[in-house]
Every structure is written in structure tokens, then in C-alpha cells.
Amino acid sequence: MLPAILTLLFFQALGEGVVRLLHVPIPGPVAGMGLLFLWLSLRGGASRRLERIGRELLQHLGLFFVPAGVGVIVLGPRLLQVWKPLLAAVLLGTLVTLAVTALLFRLLTPSRKGEA
């Protein structure tokens with residue numbers, strides 16, 4: 001189990017290093033996850049140990065939301081001050097995401113004209 005955990009930590013650290021070195025505007029762990037995905041794709045899949053530790057982490061995924069919940073509680077008064085721009089940003093971001101997704105779907109889906 002330790003080699004699997006070390007593999008995950010290695011890719012997280014690698015992602016952090018790549019992001020800092022290349023000044024990429026994404027979180028290091030996200031870059032590390034992408035690198036892990038690439039490595040697993042080239043390798044043909046995850047080992048049994050890595051699959052096992054992945055399942056264990058997924059069972060406790062809810063714990064990863066605790067820091068965000070604490071942040072909301074601690075920053076509650078500040079969030080009440082800026083709720084309007086925050087709500088606008090969330091709604092606008094959602095609408096833009098939906099529009100871009102629909103547009104890409106239309107552009108990338110082959111046309112089925114003549115089929116009925």
C-alpha cells in the first residue's frame with residue numbers, strides 16, 4: 001500500500017513542480033492528476049495496489065470537503081458582504097460553460113441529415 005501512496009504523492013509533487021517551473025495557471029495537484037492519467041494510459045492501467053488505494057480514498061472523499069466547509073464558516077461574514085458579485089460570477093460562469101459545451105457538442109457531433 002505504501003508504494004501506491006508514494007506514487008500518488010510523487011505525481012502530486014511532480015505536478016506542483018511543473019506548474020511552478022512553467023508558470024502554468026492551474027493548481028499543481030490538477031497537473032499532477034493529468035500526468036498520472038497520462039502515465040497510467042501509457043502503462044495500460046493502474047496496478048492492483050494503486051486501484052486499492054484509489055478505492056480507499058474514494059470511500060473517504062467526503063473528508064476532503066471539510067476544509068472548504070471550515071473556510072465557509074470562518075469567512076462567513078466576508079461572504080455575506082460579497083454575495084452579490086459571487087452569485088453573479090457563479091451564474092455567469094455556469095451559463096457560459098453550458099453555452100460553450102452546447103456549441104462544441106453541435107460542432108463536433110456529425111450531422112444526421114436525411115435520417116428520420
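Tutor: Let's start at leucine 14, which lies in helix α1. Before going on, a word on the ground rules: this is a predicted model, where local features need pLDDT of at least 70, side-chain atom pairs count only at pLDDT 80 or more, and totals for chains, interfaces and linings use all residues. Residues are numbered from 1 along each chain as its sequence is written, and side-chain values use heavy atoms, with hydrogens and water left out.

Back to leucine 14: its relative accessibility is 34%, so it counts as partly exposed. On this scale, buried means under 20% relative accessible area, exposed means over 50%, and partly exposed is in between (1.4 Å probe, protein chains only). Leucine 14 sits 23 residues from phenylalanine 37 in sequence, and their C-alpha atoms are 13 Å apart in space.

Now follow the chain to the loop between α1 and α2, where you'll find histidine 23. Histidine 23 has a positive phi of about 55°, even though it is not a glycine. With a relative accessible area of 68%, histidine 23 is exposed.

What about the inside? The largest nonpolar core has six residues: Ala4, Phe11, Leu36, Leu40, Leu50 and Ile53. Such a core is a set of buried Ala, Val, Leu, Ile, Met, Phe, Trp, Tyr and Cys residues joined through side-chain atoms within 4.5 Å. At least two residues of this core come from each of α1 (2–22), α2 (28–43) and α3 (48–59). Take alanine 4: leaving aside residues up to four places away in sequence, it touches Arg49, Leu50 and Ile53. Touching here is contact, meaning heavy atoms within 4.5 Å.

Let's zoom out. The protein has six helices and zero strands, and these are DSSP runs numbered from the N terminus (helices H or I, at least four residues; strands E, at least two). Its radius of gyration is 20 Å, whereas a compact globule of 116 residues would come in near 13 Å. That radius is taken over C-alpha atoms, and the globule rule is 2.2 Å times the number of residues to the power 0.38. The C-alpha trace spans about 55 × 50 × 35 Å along its principal axes. And of the 116 residues, 10% count as buried.
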